[in-house]
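User: I would like to learn how to read a few features of a structure. Please take them one at a time.

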Amino acid sequence: MAYHSFLLEPISCHAWNKDRTQIALCPNNHEVHIYRKDGAKWSKIHELKEHNGQVTGIDWAPESNRLVTCGTDRNAYVWTLKGNVWKPTLVILRINRAARCVKWSPKENKFAVGSGSRLISICYFEQENDWWVCKHIKKPIRSTVLSLDWHPNNVLLAAGSCDFKCRIFSAYIKEVEERPSPTPWGSKMPFGELMFESSSSCGWVHSICFSASGSRVAWVSHDSTLCLADAGKKMAVASLCTETLPLLAVTFITENSLVAAGHDCCPMLFTYEESQGALTFGGKLDVPKQSSQRGLTARERFQNLDKKASSDTANATLDTLHKNSISQISVLTGGKDKCSQFCTTGMDGGMSIWDVKVRNPHGPLRLG
Amino acid sequence: MARSTLSSRFRRLDIDQYDENRFVEEPEEAAAAEPDASPEVEALLRQYPLGRGSEALRAFHTAIRSSPGNTRNAAMKEQAQGTMLKVLTSFKSSEIEQAVNSLDRNGVDLLMKYIYKGFEKPTENSSAILLQWHEKALAVGGLGSIVRVLTARKTV
C-alpha cells in the first residue's frame, strides 16, 4: 500500500480519471485541485475555481472525460477539458439547500445530485437548448440525501439519506434512453418510482453501494451498522452491528465482499454469506507493523496512572495509516466485482492506495 | 445567487416550520401491553442471597427478555428500568462477566442502554457496580454498542 499526504486539511471528496494517472480533489475549500502522478510524486496541474461554497462532491466520467462537481452554493458544474483548460458549464439544480453528493450514471448521459433540500436532482443534457436540465425525485425522502450510487442498468439509483433509510428509485429519463428491461428490483420503472425502501436503521446513512451485478446494495449508517439488501432473496436485508465506531464509506470489492471504513481510520473487510443471508466481519485491513514495545520507566508508568488511570500506552497513538477518519473509498482497478486496488481519502488530508491480494479464489481476501 | 454574507442573522423567522413538506415524526402505534415480569424477577432476586448463583442469571435474562421495546408508556419504562437496576446491582462482581457472555449481540446492546440509563439516575452504590458492568459489556460489544445507545431512537 502507498500513502501520500496531500494536505493538512481534510480532503472533502475525490475522483480519479480513467487511467488513474490524475486525481481531482477538494482541499476543504471552494476549489477543486487536479494532481497528476509523476513517477513517485504528485504535481498539481489544474485549479478549478468556480464554486462559491465548499465542494462536496466530485465525479469523473471515465469515457467522456468530464468532471461534475457540486457544492454548498447549491450549484453543480460540468467541466470539459478544452485544450489544456477545464471549462465549466453551470447546471441549475433548482434546490434551496446545499448539494451533498454527485454521481455520473454508468453511460454518462446523466448524473444525480443529492442535496439538503430532501430531493435528488437527475440532470441530463438537452440537445435542442444546449443546456443541462434537471428533474426532481422528492417523494418520500424526508431528509438530506447523503449518498448515491447507480445500478449498472443506468436507470436505478440508490440513495441513502438522513431520515435513516436507504431507498432505490428509478431515474429513467425517456429523452435520453430506452425503456429498461426488468431487474430483480422490479419491472415497472417510471421516473421517480420507489423500488425499494429499507426499514429504519437508527442512523444517518452515510454511504451506499450497488454490487457489480446490481442485485445487491449495501449501506453503512451512523449507528455502527452495515446492512445489505439482496434482490435475489426478495430484497431481504442482512445487517451487522459492528463493534467499531460508525463507518463512513463502503464499497463492494467482489460480489460477496465489502470494504468499509470510517471513524476508526482503517478499512475493514466484511463478507456476505448468501446461503445464510448473513454479514460477517472479516477483520481490519490495516495491520500495523509490530513496533517494538519500548519499556516504560517506573516514573512514566506512574504518570500514566495519574493522568489516564491506566498503566498501558496501547491507545496513546494511532498506528493506522490514516491519522483521522476515512471519508471516502473508491475502487481503482478491477471494478466492483474483482477489485485489486482501492483508494481511501480522509480527514487527515492523506490519500492511500491499497492492494487486494486474493490468496485463493474461494478463500478469504488478504491485503497487501 | 447572493455572495456569501457574513452573518445569517437576518433570518429571525424559522421558515422551515411553514414548509408543507417538513418532516413530521410518525406517531407510533401503541404496542400491546407487555406482561409485567417484575414480580417474577423480584422472586428470583429474593432467592439469590441464599447462595444459588443461577437465580441471578435467570432473573437477569428474564428482565432483559421482558423489556418493553416499542412502548411510549413512560410508567412502564420506569418500572422496567427500576427492575433492571435492581438485578444489575444485586450481582456479585465475579459473576458479571459470565452474565455478559451469555447474551447475544442484541442483548449486549440492550444491556448497554440500561447501564447508561442507570448512570443517569445514580443512587449511592449503583455507579460502582454499573461501571463494572460497563467494562465487561464494552469488552464484548465494543464501541459500536455505545454508539448504538447514543443513536437509538427507541429508548429503553
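Analyst: Start with an annotation: the unreviewed UniProt entry places the feature "repeat: WD" at residues 48-82 of chain A. UniProt positions follow the numbering used here, feature names are shortened, and annotations may be inferred rather than shown by experiment. The model is predicted, so local features need pLDDT of at least 70 and side-chain atom pairs pLDDT 80 or more, while totals for chains, interfaces and linings use all residues. Residues are numbered from 1 along each chain, chains are lettered from A, and side-chain values use heavy atoms, without hydrogens and water.

User: What are the helix and strand percentages over residues 48-82 of chain A?

Analyst: Helices (H or I, at least four residues) and strands (E, at least two) are DSSP runs, numbered from the N terminus. Residues 48-82 of chain A are 0% helix and 63% strand, with end C-alpha atoms 13 Å apart.

User: How many disulfides are there over all chains?

Analyst: A disulfide is a pair of cysteine sulfur atoms within 2.5 Å. The search of the whole structure finds zero. For A:C26, the nearest cysteine sulfur belongs to A:C13, 5.0 Å away. For A:C343, the nearest is that of A:C339, at 11 Å.

User: Is A:S211 buried or exposed?

Analyst: Buried means under 20% relative accessible area, exposed over 50%, partly exposed in between (1.4 Å probe, protein chains only). A:S211 has 1% relative accessibility, so A:S211 counts as buried. A:S211 is found in the loop between β18 (205-210) and β19 (216-221) of chain A.
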